[in-house]
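Subject: Structure handover

Hello,

Please find the structure below. Notes on what was found in it follow.

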Amino acid sequence: MTAKLDEKLVPIYQDVLHRNPGEKEFHQAVHEVLETLGPVLVKYPEFADKKIIQRICEPERQIIFRVPWQDDQGEIHINRAFRVEFNSALGPYKGGMRFHPSVYLGIIKFLGFEQIFKNALTGLPIGGGKGGSDFDPKGRSDDEIMRFCQSLMTELYRHLGEYTDVPAGDIGVGGREIGYMFGQYKRITNRYESGVFTGKGLDWGGSRARTEATGYGTVFFTHEMLKARGDSLDGKTVVVSGSGNVATYAIEKCHELGAKVIACSDSQGIIVDEKGIDLKALKQIKEIERRRISAYTEIHKDAKYVEGGNIWSVPCDVALPCATQNELNASDAKTLVENGCIAVAEGANMPTTPEGILLFQDAKICYGPGKAANAGGVATSALEMQQNASRDSWTFDYTQKRLEEIMIDIHKNCYETAAEFGSEGNYVLGANVNGFLRVAKAMTAMGVI
Ligand code: NAP
């Protein structure tokens, strides 16, 4: 069950299926955008004439390469890595690197495609791209991670540059991995080009508030959606999936705004702590010790750990999926709505299945898609590039203020665009159309390239 496409868009979608066989996440991401573009072609027929949608659906460049590396025992491993440079109409390609065994071209293309519209929504001069590898960092030593990152960068460096393509982190890629990749880039190129990576350490060109930005931004966006309905986050009960970078800082900001997060998860189980998740304990376990979330009950004996549990079965006012794609299906959406959930905002990329989205929309709860709700991460990456270009370093408070203003603007633009196209409150349409229009206008101005 997915929404229908306008008849002009059906052949475009068929062509995407034909040209990209087997890439089901990419098909899903394209379908979700095309579902909302029907009214745009009525208002702007020139975009059909110029084949803007067909051009946006085809990446400008796709790089696939081998990454050989040796483990601590001397055994050789071979991984595959990708960088998809999707669209540079608004600026250099910008988007994270993901290290996870599930990575293949279809995942990187779905993420790169979404990134085009997300980056456009921020209003900042960044194009869309994404990369990653099927390398699994779990259980690997620091030295093994370093050797893998160095091998990957020995190929990738030639495609990057502060005005060309600027990677950052994503699942499995945090400060440690960015450090190793940046170090190898610097060594090979003999250039200290700070702006070639974002998410760097604070001592060597990173931006304050970048680590926190995606999670914080998701919560700022949630707060704006509730405000638009005369409500707020204060006093709300929240459930957050995941316990990585995005989840951790979403929890932190929820608590700062007076909400209580009672559950979070990892890929093996869920933690429910009715007193509110203890963030200090969570950071100790996940960021410092790099252990499973089940260790939380060693510190909080009265919290409950459920191996293989479903986090969406925990009753809440607000749900923030912050783990991975398609982690929230129709049955989960139904449970959330029946349990009285009033708002869902996506810290993760495409975490809700198309059927789940329809259920949220039918129930008329606030639903903020990832493209809009998690754009705070890449927006703060663009602020990091700005600081690097001017050899400047802003305070945490100033950077966070900029992030909050950007999230308020994104919310306003999505809200107003949805209303302009006759779908008030539909943030999916608002985000897709607002992002699309910015990219389409730039592409039109630049001719057939
Ligand atoms: P992360 O730090 O690596 O954390 C990922 C979290 O999600 C972990 O708790 C992980 O559990 C869980 N997870 C990952 N794959 C899973 C799977 N297949 N099934 C169930 N749980 C899974 O990554 P992150 O940076 O927080 O990214 C989380 C999401 O946010 C992703 O969708 C990413 O694309 C999106 N995002 C990130 C940023 C950013 O700035 N980092 C920006 C925008 C969007 P395990 O540890 O057990 O694997």
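Aspartate 231 is partly exposed, with 30% relative accessible area, where partly exposed is the range between buried (under 20%) and exposed (over 50%), computed with a 1.4 Å probe on protein chains only. The side chain of aspartate 231 forms a salt bridge with that of lysine 236, at 2.9 Å from N to O. A salt bridge here is a side-chain nitrogen of Lys or Arg within 4 Å of a carboxyl oxygen of Asp or Glu. Lysine 236 is buried, at 12% relative accessible area.

Before the rest, the conventions. This is a predicted model, in which local features need pLDDT of at least 70 and side-chain atom pairs count only at pLDDT 80 or more, while totals for chains, interfaces and linings use all residues. Residues are numbered from 1 along each chain as its sequence is written, and side-chain values use heavy atoms, with hydrogens and water left out.

Other salt bridges

Side chains of opposite charge can pair when their charged atoms come close. The search of the whole structure finds 29 salt bridges. One of them joins the side chains of arginine 140 and glutamate 144, with 3.4 Å from N to O. Arginine 140 is partly exposed at 27% relative accessibility, whereas glutamate 144 is buried at 4%.

Glutamate 338 and lysine 334 also meet through their side chains in a salt bridge, at 3.3 Å from N to O. Both residues lie in helix H13 (residues 330–338), 4 residues apart, about one turn of the helix. Helices (H or I, at least four residues) and strands (E, at least two) are DSSP runs, numbered from the N terminus. Glutamate 338 is exposed, with 58% relative accessibility, and lysine 334 is partly exposed, with 44%. Elsewhere, Glu32, Glu114 and Lys371 are linked in a network of salt bridges.

Domains

The domain assignment gives domain 1 (61–193) and domain 2 (212–368); such bounds come from an automatic or database assignment. The centres of the two domains, taken over C-alpha atoms, are 27 Å apart. Domain 1 puts 11 residues into the contact and domain 2 puts in 7 residues, with contact meaning heavy atoms within 4.5 Å.

Between them, domain 1 and domain 2 bury about 700 Å², 42% of it on carbon and sulfur atoms. Buried area is the accessible area (1.4 Å probe) that two parts lose on being put together, summed over both. On the side of domain 1 that touches domain 2, the largest share, 5 residues, comes from helix H6 (residues 105–121).

How many salt bridges cross the interface of domain 1 and domain 2? The rule finds 0. The rule for polar contacts finds 2 residue pairs across this interface, both at pLDDT 80 or more. A polar contact is a pair of N or O atoms within 3.5 Å; within protein, one must be able to donate a hydrogen and the other to accept it, and residues adjacent in sequence count only if both atoms are side-chain atoms.

Nonpolar cores

A nonpolar core is a set of buried Ala, Val, Leu, Ile, Met, Phe, Trp, Tyr and Cys residues joined through side-chain atoms within 4.5 Å. The largest one has 55 residues, of which Phe221, Val238, Val240, Ile251, Ile277, Leu320 and Ile410 touch the most other members. Helix H9 (residues 210–227) supplies the largest share of this core, 7 residues. At least three residues of the core come from each of domain 1 and domain 2. Apart from this core lies another, of 43 residues, among them Ile53, Val103, Ile107 and Phe113.

Not counting residues up to four places away in sequence, isoleucine 277 touches Ile251, His255, Val261, Ile262, Ala263, Cys264, Ile271, Leu282 and Tyr296.

Loops and backbone

Most residues other than glycine have a negative phi. Asparagine 190 is not a glycine, yet has a positive phi of about 60°. Asparagine 190 sits in the loop between helix H8 (175–189) and H9 and is exposed, at 70% relative accessible area. Lysine 364, also not a glycine, has a positive phi of about 60°. The loop that holds lysine 364 runs between helix H14 (354–362) and strand S12 (366–368), and lysine 364 is exposed at 62% relative accessibility.

Serine 194 is in the loop between H8 and H9. Serine 194 is buried, with 15% relative accessible area. Leaving aside neighbours within four places in sequence, serine 194 is in contact with Phe182, Lys200 and Asn388.

Regards
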